[in-house]
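Take a moment with the sequence and the model before reading on. We will go from a single pair of residues out to whole chains.

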Amino acid sequence: MSGQPTEAVDIGIPQMPAPDYPAEVRERLERDAREIIGRYPDSRSALLPLLHLVQAEEGYVTATGQRFCAEMLDLSTAEVNGVATFYTMYRRKPSGDYQVGVCTNTLCAVMGGDAIHERLRDHLGVGDGETTPDGKVTLEHVECNAACDFAPVVMVNWEFFDNQTPESACALVDDLRAGRQVAPTRGAPLCTFQETARILAGFPDERRDAVDASGSAGPASLAGLRLAKGETPPGPGVVSPRSAAADEEGE
Amino acid sequence: MTVAADNGGASRRDDDARHAAEKLLHPVLSAHWDEPDSYSLDAYRRHEGYAAVPKALAMDPDDLIAYVKEAGLRGRGGAGFPTGMKWQFIPQGDGKPHYLVVNADESEPGTCKDIPLLFANPHALIEGIIIACHAIRSAHAFIYLRGEVVPVLRRLHEAVREAYAAGFLGKDALGPGKDLELTVHAGAGAYICGEETALLDSLEGRRGQPRLRPPFPAVAGLYACPTVVNNVESIASVPALVLHGKDWFRSMGSEKSPGFTLYSLSGHVARPGQYEGPLGLTLRQLLEMSGGMRPGHRLKFWTPGGSSTPMLTDEHLDVPLDYEGVGEAGSMLGTKALQCFDETTCVVRAVTRWTEFYAHESCGKCTPCREGTYWLVQLLRDIDAGKAHAADLEKIADIADNINGKSFCALGDGAAAPIASSLKFFREEYEAHLCGRGCPFDPAKSTAWADKPNSAHLEVNA
């Protein structure tokens with residue numbers, strides 16, 4: 001078929017080299033990148049923050065973003081890709097404004113995380129890792145997020161929603177999809193996934209009062225302190241576990 | 001029945017437990033978390049914050065290291081290595097930069113102490129960093145915080161800003177001509193980065209995979225320079241130790257495990273949360289003062305320090321929670337993450353889920369861990385679904401044995417721990433799943449809302 005243009009067959013390999021950012025975006029990101037690089041004795045240490053930065057720009061780590069990181073740090077794009085694909089927080093495809101992560105590691109799963117995750121799949125009509133058609137919510141299961149005393153836990157854009165139930169989680173995603181302002185139990189009123197990624201890149205949240213939001217510590221964090229100060233009665237009067245077991249089993 | 005609230009002895013028992021709590025607990029790091037601005041510099045300074053800095057800076061660094069060593073502070077991140085000794089390993093006068101890297105990658109399942117500590121009192125860590133950097137003669141420290149905790153990152157950013165503004169960090173922070181820089185670095189989601197050499201690779205902008213040792217980080221750590229990697233709670237404990245003295249520190253805990261620590265109660269307990277007290281408390285003491293298991297239920301199994309520490313049962317309620325006591329009971333103190341599960345919980349389901357976690361988080365560097373955790377998941381899912389046979393129990397025990405101690409780093413040991421320990425204590429429960437029988441438990445009964453009224457409509461198919 002000489003003379004006819006050959007139709008490209010897509011075998012999933014991205015076009016190389018990736019296109020660059022538009023000049024004004026590139027200029028802005030370079031300023032940010034230089035600030036990040038300046039925090040480290042060795043420039044390569046800036047790679048994880050830079051990947052957060054390019055994720056803040058486009059919502060996921062694109063080939064363009066990887067090219068930018070490589071050029072800023074004098075690495076190959078293969079080296080950058082090797083790092084970007086190792087860490088679970090870097091997205092590899094476009095996703096929702098709100099990442100709703102249900103903890104399904106053992107303790108949260110047993111305490112109700114599995115039930116919450118299942119209910120949200122039904123309620124949203126999406127599978128794990130999928131995004132609602134309106135582009136608002138991406139549902140994911142997440143691993144232990146160091147909040148076991150608040151189980152079961154749901155993270156939205158990495159802010160804590162403690163002591164959740166299937167009902168509260170459904171109400172939460174409904175609010176997110178309707179554009180209503182949502183406040184976590186621990187953390188600041190939600191910003192979008194991209195705004196969150198910029199904080200992760202090392203640029204402090206500029207919203208007034210964001211640091212102070214939700215108080216000093218969650219109730220469970222204070223359980224021991226309140227007991228030690230004699231401020232709370234010592235629980236609902238349950239006898240010790242061993243004698244309870246003995247009573248029940250007649251040992 | 002386990003509920004005693006309606007009998008005549010309840011009020012006396014309440015008084016006893018309250019008395020016990022006031023006597024046994026000893027909040028230090030958590031002492032002012034209930035103040036509305038506890039995380040701020042002002043609040044910290046109202047509570048002797050940064051008072052240990054001048055005292056420490058007045059000491060010769062070598063004397064300071066010796067002092068922390070004599071106090072007996074041991075690493076709170078799991079392994080329990082003496083903190084002062086770690087500092088002492090840093091070669092002096094070598095002409096290279098020294099680094100302090102704080103491991104705030106708290107990701108071990110069940111572990112939830114450093115995150116609330118940093119949320120409510122980040123300045124305790126910063127003060128500890130200043131003192132530690134003086135000791136090891138470091139001019140640049142890093143806090144490697146896991147990325148998935150943005151509220152904590154926000155407060156760390158602000159606390160570091162405040163500390164710079166107040167002159168505790170930056171130019172001449174450690175004395176004339178001795179600057180100190182502190183960089184907060186957010187990770188990007190990888191449990192393995194809690195392993196100290198994987199953390200260093202990650203902080204250098206690489207995939208977080210553990211390094212061959214030796215050389216140890218004390219000799220060739222970050223950028224191949226002498227580096228101390230310490231857990232958040234270890235470093236945050238240093239200011240109180242320095243301020244109040246080693247005798248005060250040693251007045252708590254035991255000879256080999258002195259000092260105070262954060263215990264994290266979670267799971268099917270009446271009152272989950274953080275409980276700070278001396279090392280060596282028992283789970284029975286902690287449960288009795290906090291209201292025990294949830295009403296009407298009893299303890300079945302628990303972890304002393306996260307899922308990587310072999311599980312224990314109600315036989316072990318009186319084991320002293322210190323490094324030696326838990327070790328003698330066949331487990332490890334770990335992170336004092338006391339995950340308590342009651343009799344509604346299927347141990348096979350719990351172990352399967354933990355194993356899925358280890359398989360997901362295995363970095364892929366070494367074969368026993370990468371392949372072993374993958375096959376364990378396949379076998380455990382079959383067991384849970386009733387598709388396995390007795391020989392498969394031998395097989396998971398064998399695979400776990402081939403991972404344990406034969407992997408590149410401790411993640412493999414951690415993956416083997418729940419399997420070996422659950423087979424030891426609950427083999428019959430595994431057998432009850434075999435040959436088509438499947439799981440005999442109803443997951444709906446384990447949920448936090450299972451015993452609440454009007455929960456009948458909530459269905460669980462886990």
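Which residue forms a salt bridge with Lys300(B)? The partner is Glu429(B). In this predicted model, the closest N and O atoms of the two residues are 2.7 Å apart. A side-chain nitrogen of Lys within 4 Å of a carboxyl oxygen of Glu is what a salt bridge requires, so the pair Lys300(B) and Glu429(B) qualifies at 2.7 Å.

Now place that pair in the chain. Chain B is divided into three parts: domain 1 (28-248), domain 2 (258-342) and domain 3 (347-441). The centres of domain 2 and domain 3 of chain B, taken over C-alpha atoms, are separated by 23 Å. Their contact takes 13 residues from domain 2 of chain B and 14 residues from domain 3 of chain B.

How much area do domain 2 and domain 3 of chain B bury between them? The value is about 1100 Å², with 70% of it on carbon and sulfur atoms. Together with Ser307(B) and Met311(B), Lys300(B) loses the most area to domain 3 of chain B. These three residues account for 53% of what the domain 2 side buries.

Polar links cross this interface too. One salt bridge is found between domain 2 and domain 3 of chain B. Four residue pairs are in polar contact there. Three strands of chain B each give two or more residues to the domain 2 side: S7 (299-303), S8 (312-313) and S9 (337-342). S7(B) gives the most, with three residues. By type, the domain 2 side divides into five nonpolar residues, seven polar and one charged.

Next, turn to a loop. Ala385(B) sits between helix H17 (367-384) and helix H18 (390-403) of chain B. Is Ala385(B) buried or partly exposed? Ala385(B) counts as partly exposed because its relative accessibility is 44%. In sequence, Ala385(B) and Gly436(B) are 51 residues apart. In space, their C-alpha atoms are 7.6 Å apart.

Finally, step out to the two chains. Contact between them involves 113 residues of chain B and 95 residues of chain A. Chain B and chain A bury about 8100 Å² between them, 60% of it on carbon and sulfur atoms. Five salt bridges cross this interface. One of them joins Asp205(A) to Arg154(B), with the closest N and O atoms 2.9 Å apart. There are also 37 residue pairs in polar contact across the interface of chain B and chain A. The side of chain B that touches chain A divides into 53 nonpolar, 33 polar and 27 charged residues.

Conventions
Residues are numbered from 1 along each chain as its sequence is written. Chains are lettered from A and ligands numbered from 1 in the order in which they are written. This is a predicted model: local features need pLDDT of at least 70, side-chain atom pairs count only at pLDDT 80 or more; totals for chains, interfaces and linings use all residues. Side-chain values use heavy atoms; hydrogens and water are left out. Domain bounds come from an automatic or database domain assignment. Contact means heavy atoms within 4.5 Å. Buried area is the accessible area (1.4 Å probe) that two parts lose on being put together, summed over both. A polar contact is a pair of N or O atoms within 3.5 Å; within protein, one must be able to donate a hydrogen and the other to accept it, and residues adjacent in sequence count only if both atoms are side-chain atoms. Helices (H or I, at least four residues) and strands (E, at least two) are DSSP runs, numbered from the N terminus. Ala, Val, Leu, Ile, Met, Phe, Trp, Tyr, Cys and Pro count as nonpolar, Asp, Glu, Lys and Arg as charged, and the others, Gly among them, as polar. Buried means under 20% relative accessible area, exposed over 50%, partly exposed in between (1.4 Å probe, protein chains only).
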